Amino acid sequence: MTSPDSVVPSPPHRPPDPFRRPWHIALGIALVLSAAFATAQVLYWAAPEITSPLPWMRIYLLPQPPALRLTRVLLYSGWGVALVLAAVLYGATRAGRVRVVRVCRAAILTVLLLPYAVMALDTLAGAPLTALLCLATSAVALLAVHRVQLYLRLPARLTLLAFAWGALVGSGFAIVMSMWFGWYAGGYLLDFERPRGSIRTLLALFALNADFFSEVGKAAGVALVLLVFRRYVDGVVSGLVLGAASGIGLNLTETVRYMAETLGVLVGVPLVTLIAAGPFVVLCLLLLRRGLRDQAAVLRAALPVETASGTGAVTPAEGGLLLSPGRRLLLELAVWRRDGTAGLRHLIRLQQAQLRLLHDPLPHRSDEVRQLKGLPPLSPNPTLPIDQGVSS
């Protein structure tokens, strides 16, 4: 007869995956960006011509820079290539050719999104020394953002991917849309009978346009990473980390642009950003705190289930350590001093594998943890290798 103490607790309930069709959502995000650019083109072509003889009006008649012209060509070409690939994708889907389907999907997203990076690359290449200086401070910020994940951590490559999106595609999209607004808005908004009032309106809308499309560019990258790599996403904390990484990347490119301006921009832009974004930063910090608490509660509830299962993947002593970020940090420092980088990487891989086992108690995860401990697997024919993507 089984004693009550030996009964294994039932595992906690897991909500279903809300993203049933990630490819369609990702394509929709790319099409939204393309639709925004196409709308700007239509507004540019339909804008009334500026014929004022005033000298200061020449700023609205300047020729387009080469990087912007290249972006237009790549986007127009990308739309054509995407249509051809869509036909190939349709045929491959009906024929069940999985590899061709995956390649076509990735290629469609690439040709629709990568052209925006031209403007960002042009900005960074125009001031390489400034870009290197800003990159150093951005790396410190990225490390801090990565370490706020006290329990489960996203793989470092995903944090870097979100950062690269913000620095290249997100910022490039924002620059493109901002520049196009500068070209077509004057024709619609300038009133030559009352130029002072119309100039104020134009400048205010210019700032709102730049802020809006900056946020759209960052959000699009976060959504794409969450969709494509959703198996690593563990709730609100993962989303906040990816959002912060994308914002750091966009801030890198924008800072390089602003460093070329006057002192007023260097002082005014940070001040305006602090006033406008300060409340949202506080909100994100509160969400992060709540997300970490929820994550800890899930892990704490799953710990007795795993330790009572008898797999040896997580022992009671290890469970207490896993749920204490401060103790884990001290252990990481001790292992690094004793065993160097290799020992530290192995420890972090083991602890992250154990945390993921507690979060998602799948059979193959127990074998991954046991293999990292040097123990034989429990499954007779383990098929899944150790996850090499666990972040340090």
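**Ground rules.** The model is predicted, so I keep to its cut-offs: local features need pLDDT of at least 70, side-chain atom pairs count only at pLDDT 80 or more, and totals for chains, interfaces and linings use all residues. Residues are numbered from 1 along each chain as its sequence is written, and side-chain values use heavy atoms, with hydrogens and water left out.

**Helix 6.** I looked up residues 156–189, which make up helix 6 and number 34. Helices here are DSSP runs (H or I, at least four residues), numbered from the N terminus. From first C-alpha to last, helix 6 reaches 46 Å, close to the expected 50 Å (1.5 Å times one less than the number of residues). I found a kink of about 40° centred on glycine 166; the bend is the angle between axes fitted to the seven residues ending there and the seven starting there. Of the 34 residues, 24 are buried, so helix 6 is largely enclosed by the rest of the structure. Buried means under 20% relative accessible area, exposed over 50%, partly exposed in between (1.4 Å probe, protein chains only).

**Tyrosine 188.** I placed tyrosine 188 in helix 6. Its relative accessibility is 39%, so I log tyrosine 188 as partly exposed.

**Valine 236.** I then went to helix 8 (residues 236–258), where valine 236 sits. Valine 236 is partly exposed too, at 35%. It touches Leu287 and Gly291, leaving aside residues up to four places away in sequence (contact means heavy atoms within 4.5 Å). I also noted 7.1 Å between the C-alpha atoms of valine 236 and leucine 288, which are 52 residues apart along the chain.

How values were computed:
Helices (H or I, at least four residues) and strands (E, at least two) are DSSP runs, numbered from the N terminus.
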